[in-house]
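Please keep the structure open while you go through this note. It is meant to be read slowly, one point at a time.

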Amino acid sequence: MHRIQLLIADDQVVTRSGLVAMSREAPELDVVGVAQDVPGLLNAVACAGPDVVLLNLRRLTGESLRRLVQLIGTRASVIVLWCHDSLVTLQDALRARVAGFMALDILQEEFASVIALVARGCAAYLLPRERLSDIDGCPAPSAPGAISSLTSRESDVLRLLADGMTNKQIGSVLHIAENTVKKHVHRVMIKLSASSRVEAALLVSRLGSMKPAAPDRERHAQGHHAQWRSEVGSTS
C-alpha cells in the first residue's frame, strides 16, 4: 500500500512536534519533511517531493497563500490548518483553491481521514458549524434572491451538495444520471455566482432556509459535520 508522503509546515515548535507525532501514529502517513517558514517549506517541497503539505503558518496572509499555492500546487496538495491567531481565513483558502481547510482544534479526530481524502484528489473542508457566521467574506445576504431563481431540481441538488454529497451520491438519491447532476451543479454555481462547491454550501448553511430535497435526505445527512467534500473537477 502506498504511504502518503506528508510535509508539515508549522511556525511553532509545540504544534509542529504534535503534528509530527500524530502523523507517525497513522500507518498510512509518512512524514518526509518539516518546515517552520515559507523559504523552508519551498526548499522541503523541492527536496522531498511530498504528496500533501499540511500548512500552519499563522502570519501567512491571503495573498501570500495564493502565491504559495501557485508555486507548489502542481507538485503537492495543500491543506491549511486554521486556529484563533491565523491571518488566513476560509475565504482566502477558497480563493487560493487549496485542497483542504481544517480547524486545528478539531483536527485530531479527523486527521488521517482528511489527509487521505486530499491525497486521493478530493477537497475536504472541516470546521465547527457555529464558526461559519464569524467568517468574513461569506456569501452576501442578497443571495436569497438568487436561490429563489433556482428550479426545484436545482434546489434539490444544492441542498444535497451542501450536505457533503458527491455528484454520484446526489444522482443516487434523486434517481438521475451523474452527468445530469453535473449540469445542474454548473447552473447552480452560475446563478449563485459561487466560485466553488464549498462556497455554494456555505451559502446554504448561512441562510438555513431551504427545504429538504427528498424524504431520504435525513438518513443520508446523518453523521455529517460542517464539512464539504467534493471531487476535483466535478463542477464541469
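The points below look at a few residues of this predicted model.

1. Please begin with R97, which sits in the loop between α4 (90-96) and β5 (100-103). The phi angle of R97 is near 60 degrees, and this is a positive value in a residue other than glycine.

2. Is R97 buried or exposed? With a relative accessibility of 61%, R97 counts as exposed, because the cut-off for that word is a value over 50%.

3. A second residue to look at in this way is H175, whose phi is positive, at about 60 degrees, although H175 is not a glycine. H175 is placed in the loop that runs between α8 (167-174) and α9 (178-192), and at 71% relative accessibility H175 counts as exposed.

4. Now please turn to D10, which belongs to strand β1, made up of residues 4-10. The relative accessible area of D10 is 0%, so D10 is classed as buried, given that buried means under 20%.

5. Which residues does D10 touch, if those up to four places away in sequence are not counted? They are T15, R16, L19, A35, Q36, N56, L57 and R58. With R58, the side chain of D10 also forms a polar contact, at 3.2 Å between the two side chains.

Methods: Residues numbered from 1 in each chain as written. Predicted model: local features only at pLDDT ≥ 70, side-chain atom pairs only at ≥ 80, totals over all residues. Heavy atoms only, no water. Helix = DSSP H or I, 4+ residues; strand = E, 2+ residues; numbered from the N terminus. Buried < 20%, exposed > 50% of the residue type's maximum accessible area, 1.4 Å probe, protein only. Polar contact = N/O pair within 3.5 Å; in protein donor to acceptor, adjacent residues only side chain to side chain. Contact = heavy atoms within 4.5 Å.
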